[in-house]
Amino acid sequence: MKAAFLTGIGRIEIRDAPDPKLMRPGDVLLRVATVGVCGSDVHYFRAGRIGCQVVEYPWMVGHECAGRVVEVGAEVKHLEVGQRVAVDPLISCGQCDQCRQGRQHTCRNQRFLGCPGQLPGALAEYLVLPAECCHPIPEAMTFVRATLVEPFSIGLYAQRRASAPPGAALAVLGSGSIGLCVLLACRAAGAGAVYVTDLVEERLELARRCGASWTGNPRRTDIVAAIRELEPLGLDYVFECAGEQETLDQGVALLKPGGTLLIVGIPEDVRISFNIDLLRRKELRIENVRRQNQCLAPAIEMVAHGAVDLDPLATHHFPLAEAQAAFELVAGYRDGVVKAIIHLSPPS
Ligand SMILES: [Zn+2]
Ligand SMILES: [Zn+2]
């Protein structure tokens, strides 16, 4: 089969790789249809690492994917050949203290698709996964939508972690694909005013289409002053979705006393700082959000029933042969890109 490999900083090569085989009776073989380029994939592309997770080349990345089942192991019950599925990229052990507490996403023995040293990624024509990772999708759901379900499930998990009461005033700082997914999830849950910021104008335009009540570009506007003018008491919740010191500081400034900062973005540096005086005076709560614990199935439901429309997020499309161009586009924030989708097999 053909697969895309990271072979160095900023370099992707399409190479031949052995076709993967079913290893356990609970496995399925997928023909991968589409893979979304995630911000975390781009971290590996640009820096070769996220924190302590370091790429050893060559390495296959990619974890936002959808495809069709082409073979099932003897013990697989809920899937059959030909079925179309969305993929939960996490394999958890089911045994450790975290799994037993329903925290599969922090499983101590986890393996995550495309994560260095854990599981080869999805940017390949075929992929073997445990059947539990594969969620059937309705016939009417396109593979592109089923791929976008993965980042949307992160937005849904972040929204559920906040559990903001209806009508709460909130901000989403950074409106790349994850920020927009947080916005969509909060809108679907009945949020009040949602203030959205980004450095890229096209993303702000998309945020307005996705239900933002106000958008601002920090390059042009003092966004803290502008939002404060509209919300003199401050905001209840801020979702930091850019992974930057500047947006974390804005979040702290924008929150009202007792407000909650949710850190969804992944900073490139392992250390960030906070103004402890402000944190303490306002008694702010800080929540970290990691991936999408058990939110993939409800995300599929919401998309299937039209509670959210993810289609506008897929702004660019590439064949596998042009994976390098797709990653460069996303890494350079060029051409108003939100989500680049790589197509590995003809649509069907
Ligand atoms: Zn991702
Ligand atoms: Zn576990």
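**Figure 1. Gln-294 in the loop between strand 17 and helix 9.** Gln-294 is found in the loop that links strand 17 to helix 9; the model shown here and in the other figures is predicted. Although Gln-294 is not a glycine, its phi is positive, at about 55 degrees. The residue is partly exposed, with a relative accessible area of 48%. Arg-291 also has its place in the loop between strand 17 (285-288) and helix 9 (296-304). Arg-291 is likewise not a glycine, and has a positive phi of about 50 degrees. With a relative accessible area of 16%, Arg-291 is buried, whereas Gln-294 is partly exposed.

**Figure 2. The chain as a whole.** The chain contains 10 helices and 19 strands. Its radius of gyration is 20 Å, close to the 20 Å that the globule rule gives for 348 residues, so the chain is as compact as a globular protein of that length. Taken along the principal axes, the box filled by the C-alpha atoms is roughly 60 × 40 × 35 Å. Buried residues make up 57% of the 348 residues of the chain. Of the contacts between residues at least 6 apart in sequence, 70% join residues at least 24 apart.

**Figure 3. The crossing of helix 3 and helix 4.** Two packed helices are described by the angle between their axes and the distance between the axes. For helix 3 (residues 143-162) and helix 4 (residues 177-188), the axes come within 7 Å and cross at roughly 55 degrees. The crossing of the two helices is right-handed. On the side of helix 3, the contact involves Pro-151, Phe-152, Ile-154, Gly-155, Leu-156, Ala-158 and Gln-159. These residues meet Ile-178, Cys-181, Val-182, Leu-184, Ala-185 and Cys-186 of helix 4. By class, the residues of this contact divide into 11 nonpolar and 2 polar, with no charged residue.

**Figure 4. The crossing of helix 6 and helix 7.** Helix 6 (residues 223-230) and helix 7 (residues 245-254) have axes that come within 10 Å and cross at roughly 25 degrees. Helix 6 is thus roughly parallel to helix 7, because the angle is under 35 degrees. The crossing of helix 6 and helix 7 is right-handed. Helix 6 contributes Ile-223, Val-224, Ile-227 and Arg-228 to the contact, and helix 7 contributes Gln-250, Ala-253 and Leu-254. The contact of helix 6 with helix 7 has 5 nonpolar residues, 1 polar residue and 1 charged residue.

**Figure 5. The surroundings of Gln-250.** Gln-250 lies in helix 7 and is one of the residues through which helix 7 makes contact with helix 6. The residue is buried, with a relative accessible area of 9%. When residues up to four places away in sequence are not counted, Gln-250 touches Leu-173, Pro-218, Ile-223 and Val-224. Of these neighbours, Ile-223 and Val-224 belong to the helix 6 side of the contact between helix 6 and helix 7.

**Figure 6. Helix 1 and the elements packed against it.** Helix 1 (residues 39-47) has as its buried residues Ser-40, Asp-41, Val-42, His-43, Tyr-44 and Phe-45. These buried residues pack against several strands, namely strand 1 (2-8), strand 2 (11-16), strand 3 (27-36), strand 4 (49-50) and strand 5 (53-54). Helix 10 is also among the elements against which the buried residues of helix 1 pack. Helix 1 is followed by Gly-48, whose phi is positive, near 75 degrees.

**Figure 7. The cis peptide bond between Tyr-57 and Pro-58.** Tyr-57 and Pro-58 are joined by a cis peptide bond, for which omega is about -10 degrees. Pro-58 lies in the loop between strand 5 and strand 6 (64-72). Strand 5 (53-54), at one end of this loop, is also one of the strands against which the buried residues of helix 1 pack.

**Figure 8. Ala-325 in helix 10.** Ala-325 has its place in helix 10 (residues 323-331), and helix 10 is one of the elements against which the buried residues of helix 1 pack. Ala-325 is partly exposed, with a relative accessible area of 31%. A separation of 25 Å lies between the C-alpha atoms of Ala-325 and Ala-207, which are 118 residues apart along the chain.

Note on methods:
Residues are numbered from 1 along each chain as its sequence is written. Chains are lettered from A and ligands numbered from 1 in the order in which they are written. This is a predicted model: local features need pLDDT of at least 70, side-chain atom pairs count only at pLDDT 80 or more; totals for chains, interfaces and linings use all residues. Side-chain values use heavy atoms; hydrogens and water are left out. Axes are lines fitted to C-alpha atoms, for helices over the stretch in contact, and angles run from 0 to 180 degrees between N-to-C directions. Helices (H or I, at least four residues) and strands (E, at least two) are DSSP runs, numbered from the N terminus. A crossing is left-handed if the near helix is turned anticlockwise from the far one by less than a right angle, and right-handed if clockwise. Contact means heavy atoms within 4.5 Å. Ala, Val, Leu, Ile, Met, Phe, Trp, Tyr, Cys and Pro count as nonpolar, Asp, Glu, Lys and Arg as charged, and the others, Gly among them, as polar. The radius of gyration is taken over C-alpha atoms; the globule rule is 2.2 Å times the number of residues to the power 0.38. Buried means under 20% relative accessible area, exposed over 50%, partly exposed in between (1.4 Å probe, protein chains only). Angles under 35 degrees count as roughly parallel, over 145 as roughly antiparallel, 65 to 115 as roughly perpendicular and the rest as oblique.
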